[in-house]
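Have the sequence and the 3D view ready.

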Amino acid sequence: MNFQRFMSIVRKEFIHIRRDKASMVIAFIAPIMMLFLFGFAVKIDIENVEMAVVDWDQSTASREFVQKLKNTDYFIDKYYVSRDQDAIDLIDRGLVKVAVIFPPGFEKDIHKGKEAEVQFLIDGSDSTVSRTALPSAVMTANQYSVQLKTEAMEKKGAMAMGGKAGVAAKARVLYNQEMDSIKFTIPGLVGLVIQNITIILTAFALVRERERGTLEQLIITPIRPIELILGKLTPYVLIGFMNFGMVMILAIVVFHMDIQGNVPLLLVLSACFVICALSMGLIISTVAKTQLQAMQLSLLALLPSVLLSGFVFPREAMPKPIYMMGYGIPLTYYLQIIRGIVLKGVGIEYIYQQVILLILFTILLISIAIFRFKKRLD
Amino acid sequence: MEFAIEIQDLKKQFGDFIAVDGISFSIPKGKIFGFLGPNGSGKSTTIRMLCGVLRPTSGKGTVLGLDILQDAEKIKQNIGYMSQKFGLYEDLTILENLQFFASIYGIPKKELGCRIDEILDLCALRGRENAIVGILSGGWKQRVALGCSLLHKPALLILDEPTAGVDPVSRRVFWEVIHTLSREGITILVTTHYMDEAESCDILGFIYRGKIIALGSVGEIMEENNNKNIEDIFISYVEKISDIKVRGSFRDMKDHIE
Ligand SMILES: Nc1ncnc2c1ncn2[C@@H]1O[C@H](COP(=O)(O)OP(=O)(O)OP(=O)(O)O)[C@@H](O)[C@H]1O
Ligand SMILES: [Mg+2]
């Protein structure tokens, strides 16, 4: 491998990217756009969830609790109905996503220092709502309980300490029992955005040369396949890293993602994933004859990775063959890695299997890319 | 005599179509070899086999004494090549293209500026070094491509239709460079459809349907054919082998239709 030849490819590739509007847009604007589109589509749903209230108790306490729910900015008390069935009907018709039911004696239980129960019905067919409604409801109930306890303590002194006074939110999720936290989506989104951008950018890298006829002039020079491939890869690796940084910062600032685990570890593994995605793009590049074909092949590669990697649908719920297919997709491993580090704060000892598989995939894919690119026209 | 190119029974088959059908020729060093033939006769395919980017179906050959099957990479370091389709980067400037190919050919940094200056003078590229290649006219583009193929001082220059789509004045500028290079001892293989250009070569080879049908110096070929001009000889070859009847000249054509 000759460093001068390698560097001249890198330099040339940067000029191409700088002078090509489409590449610039894909490299710098598309990732932000994708994150916001996906991210906000989710975020809008988080606020202003419409709610039906069935209040059998008709008490100060029940009204106070509804007010607490409204104060979260999450729930809106859209309908007040008098029977449980009416509330279920409203959910069936899609008019509300959540119903809250106060049983008779709600206030009395609180005053007696017993644990009062409040029932939530949650529309599980809308996964974003079902993921978020329950934690919000539970949190409101907990806060209300703390408030009640404090008030009771002030009235009766330390005596009330042992009492069970409070509100327990009991939730029943209708239709779809699978539930996740909203936080689940954002780290996955980071992985998806990085993958899409890098695959698309690199898929075009070699095809462009083939389509414009510059490849014939290039392969007649003493350049070696490894120099050409690595030279083409390097600029996109840098862009991929930058995208990763950009998307992470946005996810933290705009979507309040906080990283529980080790940041350097996440960076190293993300770098590995970027290289893996780039190799996929390069393989596409060696197969496709025109830029249009490259685009179609990229989509063909991206779609299964969105559906099978566990980004949208939990893999555990998939039929066995589909579940197994997920193992053939590098994004699957990266999602487990980034979710593990960001959400659970786990260290390498918990995700080493995924890490090994991701690295193996990366090596395999790069080798295929270099092997497929032969310096011949036939 | 030393030969720059020697090929024997070279054959290339695509599926069941034979593009090049067992051709042989030898080009002595320092000569200009004009490779003529109708569209699709197998010129570019032959050239690609010589450069080592297409593997011959059968046959053998050497380029600059190097085997085309075994030493393809060494051949690449020693030949200059201009592909039929414009092969430079249209979004780079003239200078950037030259710099790129110079470093691909491994010209040391110290000599690079000096060598590029020489090329700019030789190929008459002065004054527009920083123009984006995509906006240049046909004549300029071809001279830039020629410049890029000369950077590493190749001993053999292979030009595939370098003057297609180039105006008469630019064609003459281009051929002046070719003759200058030839005088310096570089061997040149050039394909063209312009018979005036062909007449200024040293050796001519006619290829038709993948077979060489005539080979020799310009003088020999003219003598064999009663001193007709090369264009008429070209047409009579095609008529002799195929059943196509070709009208003698473009002026006749006009008269006939009126
Ligand atoms: N990769 C390929 N696959 C199949 N057929 C090919 C391939 N390359 C060339 N051919 C066919 O081989 C024949 C010779 O092509 P070639 O390009 O060598 O002709 P040429 O003499 O250079 O013609 P032109 O003057 O048009 O450039 C043509 O019929 C062409 O269609
Ligand atoms: Mg040709």
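## Around ligand 1

In the side chain of Gln84(B), an N or O atom sits 2.8 Å from an oxygen atom of ligand 1. That makes a polar contact, meaning a pair of N or O atoms within 3.5 Å; within protein, one must be able to donate a hydrogen and the other to accept it, and residues adjacent in sequence count only if both atoms are side-chain atoms.

Before going on, some ground rules: this is a predicted model, where local features need pLDDT of at least 70 and side-chain atom pairs count only at pLDDT 80 or more, while totals for chains, interfaces and linings use all residues. Residues are numbered from 1 along each chain as its sequence is written, chains are lettered from A and ligands numbered from 1 in the order in which they are written, and side-chain values use heavy atoms, with hydrogens and water left out.

| Residue | Distance to ligand 1 |
|---|---|
| Ser44(B) | 2.7 Å |
| Gln84(B) | 2.8 Å |
| His193(B) | 3.1 Å |

On its own, ligand 1 exposes 630 Å², and the protein buries 64% of that (areas come from the Shrake-Rupley method with a 1.4 Å probe; for residues, only the protein chains shown count as cover). The largest share, three residues, comes from α1(B). Helices (H or I, at least four residues) and strands (E, at least two) are DSSP runs, numbered from the N terminus.

How many residues surround ligand 1? There are 14, and the closest are Gly40(B), Lys43(B), Ser44(B), Thr45(B) and Gln84(B); a residue is near a molecule or strand if one of its heavy atoms lies within 4 Å of it. Sorted by class, the shell has four nonpolar, eight polar and two charged residues. Ala, Val, Leu, Ile, Met, Phe, Trp, Tyr, Cys and Pro count as nonpolar, Asp, Glu, Lys and Arg as charged, and the others, Gly among them, as polar.

## The magnesium ion

Ser44(B) and Gln84(B) turn up again here: through OG and OE1, they are the protein donors of the magnesium ion (ligand 2), at 1.9 to 2.1 Å from it. Donors are N, O and S atoms within 2.8 Å of the metal (3.2 Å for Na, K and Ca); water is not among the atoms, so sites may look incomplete.

Buried means under 20% relative accessible area, exposed over 50%, and partly exposed in between (1.4 Å probe, protein chains only).

## Cysteines

A search of the whole structure turns up zero disulfides over all chains, a disulfide being a pair of cysteine sulfur atoms within 2.5 Å. For Cys114(B), the nearest cysteine sulfur belongs to Cys123(B), 15 Å away. For Cys148(B), the nearest is that of Cys123(B), 8.9 Å away. Cys148(B) is buried at 3%, whereas Cys114(B) is partly exposed at 49%.
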